[in-house]
Amino acid sequence: HSALVTNEDRLYLWGWNERGQVGGGKHVVLDGTSRVHVFPRRVAMVALGHAHTLVLEKDTGKVYGIGSNAAQEATGSSSSSSTCRAVGGVSVTLSGGSGGSKKQLRFSWCAAGVRHSAGVTQDHRLVTWGSRKYGEGLPVSVGSWAPSDGGRVVKVCCGWQHTVVLDDRGRVWTMGANKYGQLG
């Protein structure tokens with residue numbers, strides 16, 4: 001699947017949608033055969049996993065996940081629905097409705113791997129959700145992480161079974177599978 005965020009902060013999603021990773025709400029038809037789904041809110045960034053999509057909402061810092069959630073990679077909760085749901089918070093539909101609420105995390109960055117996801121909170125901490133089978137995510141007991149020497153997390157990227165983190169001092173931190181030296 002593919003995504004595009006325009007200069008006007010609009011997100012368009014299209015392509016393979018077997019797991020709902022493109023959404024099922026409002027759409028536009030391109031050439032009579034292709035559907036492009038439109039996210040109803042202003043978007044700062046999008047991250048595409050194998051069968052899930054993360055959307056960082058510009059105005060609120062909320063990260064929404066849609067698509068496969070078999071390892072909780074889309075939403076961080078056990079919801080099996082492909083409904084767009086905020087990570088650690090409220091659910092929404094792609095037409096803009098809202099559901100119940102919990103403590104809402106606010107993010108400045110997000111990343112999607114194959115079966116795991118990660119985000120940088122607005123207070124510069126790393127949060128991960130989804131698979132932890134290969135150490136690609138923080139242990140559940142940790143919750144969030146930042147360097148113990150006062151460094152601040154600024155970006156994160158997710159690979160197949162590993163995660164790479166950049167802090168504000170230019171240091172790179174890695175975790176997960178290292179069969180091919182992907183952790184450096």
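Trainee: Fine. What's the mean pLDDT of the protein chain?

Mentor: This is a predicted model. The protein chain averages a pLDDT of 86. Of its residues, 84% reach 70 or more.

Trainee: Over which residues is the pLDDT below 50?

Mentor: Residues 90–102. In the model, that stretch has 37 contacts beyond near neighbours in sequence.

Trainee: On to sheets. In what order do the strands of the 4-stranded open sheet run?

Mentor: The order is β5-β6-β7-β8, with antiparallel pairing. β5 (43–48) and β8 (85–86) are the edge strands. Each has a single partner strand, so one side of each has no neighbour in the sheet.

Trainee: How many bridges pair β5 with β6?

Mentor: There are 5 bridges, in the antiparallel sense. β6 covers residues 52–57.

Trainee: Which residue in β6 is the bridge partner of Val 46?

Mentor: Val 55.

Trainee: Now the 3-stranded open sheet. What's the order there?

Mentor: β12-β13-β14, and the pairing is antiparallel. β12 (153–158) and β14 (172–176) stand at the edges. Each of these has a single partner strand, so one side is left without a neighbour in the sheet. From one strand to the next, the twist averages 20°.

Trainee: What joins β12 to β13?

Mentor: A hairpin, through 3 residues. The strands β12 and β13 (residues 162–167) pair antiparallel over 5 bridges.

Trainee: Which residues in β13 are the bridge partners of Val 153 and Lys 155?

Mentor: For Val 153 the partner is Asp 167. For Lys 155 it is Leu 166.

Trainee: And on the β14 side, how many bridges join β13 to β14?

Mentor: 5 bridges, with the two strands running antiparallel. Leu 166 stands opposite Val 172 in β14. Val 164 stands opposite Thr 174.

Trainee: How do side chains go along a regular strand?

Mentor: In a regular strand they alternate between the two faces of the sheet.

Trainee: Back to the hairpin of β13 and β14. Which residue takes a positive phi there?

Mentor: Gly 170, near 80°. That hairpin has 4 residues between the strands.

Trainee: Switching to non-glycines. What phi does Gln 72 have?

Mentor: Positive, about 65°, although Gln 72 is not a glycine. Gln 72 lies in the loop between β7 (63–67) and β8.

Trainee: Why does Gln 72 count as partly exposed?

Mentor: Because its relative accessibility is 31%. Buried would need under 20%, and exposed over 50%.

Trainee: What about His 124, what's its phi?

Mentor: His 124 also has a positive phi of about 65°, and it is not a glycine.

Trainee: Where is His 124 placed?

Mentor: In the loop between β10 (116–121) and β11 (126–130).

Trainee: Great, that's my list done.

Definitions and conventions
Residues numbered from 1 in each chain as written. Heavy atoms only, no water. Pairing = 2+ DSSP bridges. Axes fitted to C-alpha atoms, helices over the stretch in contact; angles between N-to-C directions. Buried < 20%, exposed > 50% of the residue type's maximum accessible area, 1.4 Å probe, protein only. pLDDT = per-residue confidence, 0-100. Contact = heavy atoms within 4.5 Å.
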